[in-house]
2 protein chains.
Amino acid sequence: MTSTTSEPKTPRPVTYQELDALFRPQSIAVVGASANERNRGHGFVKDLIDFGFPGPIYPVNPRLDEMLGLKAYPRLEDIPGPVDFVISAVPASAILELVEGARVKGTRLLHLFTARFSETGREEEAELERELDRRIRAAGIRLIGPNCMGLYCPTQKITFGADMPSEPGNIGFLTQSGSHAFRVLKSGGARGLRFSKVVSYGNALDLNEADFLDYFAEDPDTEIIAAYIEGVKEGRRFFEALRRAAARKPVLVLKGGRSAAGHAAASSHTAALASQMTVWEAAVRQAGALEVRTINGMLDLMVAFTNAGPARGNRVGVMGGAGGGMVEAADLCAEAGLELPPPSDEMREALREKLPHAWDWVGNPIDISITGGGHSDTFMLLEMMAASPDFDAIIANVSGIEWALSRGDEEMFRDMLDRAKNLGKDSGKASMLVMGEPETRDTSIRNAVFEAREELAAAGVAIYPDIERAVESMGRYVRHLAEKGSGAAR
Amino acid sequence: MTSTTSEPKTPRPVTYQELDALFRPQSIAVVGASANERNRGHGFVKDLIDFGFPGPIYPVNPRLDEMLGLKAYPRLEDIPGPVDFVISAVPASAILELVEGARVKGTRLLHLFTARFSETGREEEAELERELDRRIRAAGIRLIGPNCMGLYCPTQKITFGADMPSEPGNIGFLTQSGSHAFRVLKSGGARGLRFSKVVSYGNALDLNEADFLDYFAEDPDTEIIAAYIEGVKEGRRFFEALRRAAARKPVLVLKGGRSAAGHAAASSHTAALASQMTVWEAAVRQAGALEVRTINGMLDLMVAFTNAGPARGNRVGVMGGAGGGMVEAADLCAEAGLELPPPSDEMREALREKLPHAWDWVGNPIDISITGGGHSDTFMLLEMMAASPDFDAIIANVSGIEWALSRGDEEMFRDMLDRAKNLGKDSGKASMLVMGEPETRDTSIRNAVFEAREELAAAGVAIYPDIERAVESMGRYVRHLAEKGSGAAR
């Protein structure tokens, strides 16, 4: 399917039920646990405690007696109870000994934060990786990694970082990059996204993108699937899994290493092999998945599929900002394949009384300045568009929330927030709100804008930092719904 | 040149010297001055006072005796001294009377904030606009507008808004949209941009884009020209002016109303006439100007031309963020036409001692995680790339400033800021820093990040909110320099 061909290996199939059982460990050991707070061997233990993992957590390190109130063990073999899941933060040189310990303990799932294998480009370390593969196969251990952050699963209270959303959600994200996992959980979390599971799987020595895609396709908690992939291990299997997944759920795919330079970077990152981009792109499209070019683009579509709401077509009603901003919104919509029907005669008639000075001048996008800055007129117009059968979706580019705050008008501010939360909700229409970084230099207003944005995001409003990203996402989102022949996002 | 053809009018040529004299009024009257703080007739007076306009400011309104400590006059004719510049905030219905007053006072320049002329699409109001044109021609008055914010000129202490940069700078911006004028002055100001003049000129009944382009091309204070245009009044003259300007200085052009929907929006905004986009694009390119698609894209290139520094080619050295972020930086650079040469043998040899664990693993982009988060290694690598003859430009995607602040490490934080300020400065290389919206929810750290960003912007660092916008700008910037055959930005 692609030119991606690694050394052929005997496949290790895994069913949904098997993988799901592996993702529900009752006990976790962190090997390479550390007293040094700057060390990930410290962070894995602390984050599991803070996140509330309910089963036993075993720090493992011959030089530690205890850690964060937990008894530490010299070796895996010394732990008294069963160990379902092992997280490894030891150097690569200690990895074979660790696998032996896991084998003795009957561990079924191993996550290697441990890096410096084939991605270094050195033969010695590539050989160590091959030996590791032989050993885990012999021991019947399944492996996430090496060179990755591992598993985030809020229903099981498992995490690999601090400040991650504690509530579970509907997005399943598989990623070869740990930094993208952090980025999506943190930036996405602040935008109101929640996740069923995030799997950072690095070099994919054992469990790979096809396994995780199949898992998320089956997983009832996952409604939207996103994948960051640098190189696929089993081309044919991957595209079959992608097709199966995309037939059931929206699947967003970001390919890292599209260019020669990017591929070289990906090789040094996760030892990814090259693929032909034209073949790749055609195959992703044919599978019915959505390709994105950047992690921001992926976040934007995650927000659309999670929070924008259903749309039956591409006719969008836009509150466009003032003057030139409104013109820009119009151009961007047209260039994104969105239609901008003019307000109907019926809507104009209704406006004749409500906006006597401008009823015949209201267009689409609406120039927000014709409301004279009155927020109730702004939201009245938005609500009329949301109620009108002429539109399938609404984009609200309103800077009024910061303005209301800067005027100290608490009542107006609360009213805007409430109406923004409800916009389009009862009308069966997709809606997006543009709310960028605050412009003010007043720190208390700035903080209030951030709080308001968080409140809106938490209430399920699809928020975008600027009009171009909102329009781009809306265009791709409604086109995807149309192609799938479904007016509903899920 | 384009299909733009308005009713042919007798040209009113204006020389650089004439326009420059008009832009230096010794006295200003605001007709339609108001005691109501929410009214622009209040704002124009207050903003001129606050900005420190040194000459007399005359509020004009028959229902006012005084305003903000200034004596008010019933009519222009009642003002005792000369009135060089009149700002009109009266309704359109009062405009002919105002022009008569200005004629009597010998006023040479008139700015009409006053709107509701041909942009409403109503014949009655289009006819009023034509009558206005006849009257100002007869009186020898030159006009900015109608339907616009007018003139911002910091050397003359003239402004149309509060919180605008008080220091003058090197960018001349002509715009049919007042909201884009505010956006560029505020968002651009926060990014360290400063302006020679900003002219918001709305419907361009008299002075138009060709006049302002010619002016900025001649103006010694203007090194970079930017234009937001919805419809040109004199197609041939405009493209001749554009060619002259672009031969001397970088010219950024944003066309509003590119699409049919955008054009309809532009008509209702500034009564702009249609142009054929393919003809337009080819003509802008042929003139040697840079076309941009969004106001953010324009701001990004303003930052590049003002603060990035010179570049002799497209070979860029990138500190790429961690893991997947680094791969993304590589793909984006390749897709933007930037070359990513690998570190030279010489650089690797120098690194053998300085980074013994990773010297042979350093690529381009550099994966920031190989420095183990050590900020001094990060900046050492950046400084080595800046000093190496293998690179023409540097992009630093470092999230470390927020990290240093969150650790409370003041010394590290100051050192990072100082090194970021100097990056590339002495090496004759373009450099850009990626520093987005802070990720933290801690308000004091968030405010400190904003302050740090302002400090860097004020020190002349070219800052971008994300890697995609930095790379896109760098690609267009270095390509433009190459086409102009000049390694220096100006």
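**Labels and their grounds**

Mentor: This is a predicted model. Ala204(B) has 3% relative accessibility, so Ala204(B) counts as buried, the limit being under 20%.

Trainee: Where does Ala204(B) lie?
Mentor: Ala204(B) is in the loop between β10 (195-200) and α6 (209-218) of chain B.

Trainee: Why does Ala204(A) count as buried?
Mentor: Its relative accessibility is 2%, and buried means under 20%; therefore Ala204(A) counts as buried.

Trainee: What makes the peptide bond from Asn364(B) to Pro365(B) cis?
Mentor: Its omega is near 5 degrees. Most peptide bonds are trans. Pro365(B) is placed in the loop between α12 (345-354) and α13 (375-387) of chain B.

Trainee: How do you know that the span of helix α15 of chain A agrees with its number of residues?
Mentor: At 1.5 Å a residue, the 13 residues (410-422) should span 18 Å, and the end C-alpha atoms are 19 Å apart, which agrees.

Trainee: Which residues of α15(A) are buried?
Mentor: They are Met412(A), Phe413(A), Met416(A), Leu417(A), Ala420(A) and Lys421(A).

Trainee: Why are they placed on the same side of α15(A)?
Mentor: Because they cover an arc of only 165 degrees around the axis. On the other side of α15(A), Glu411(A) and Asn422(A) are exposed.

Technical notes: Residues are numbered from 1 along each chain as its sequence is written. Chains are lettered from A and ligands numbered from 1 in the order in which they are written. This is a predicted model: local features need pLDDT of at least 70, side-chain atom pairs count only at pLDDT 80 or more; totals for chains, interfaces and linings use all residues. Side-chain values use heavy atoms; hydrogens and water are left out. Helices (H or I, at least four residues) and strands (E, at least two) are DSSP runs, numbered from the N terminus. The expected span of a helix is 1.5 Å times one less than its number of residues. Buried means under 20% relative accessible area, exposed over 50%, partly exposed in between (1.4 Å probe, protein chains only). The arc is that of the directions from the helix axis to the C-beta atoms.
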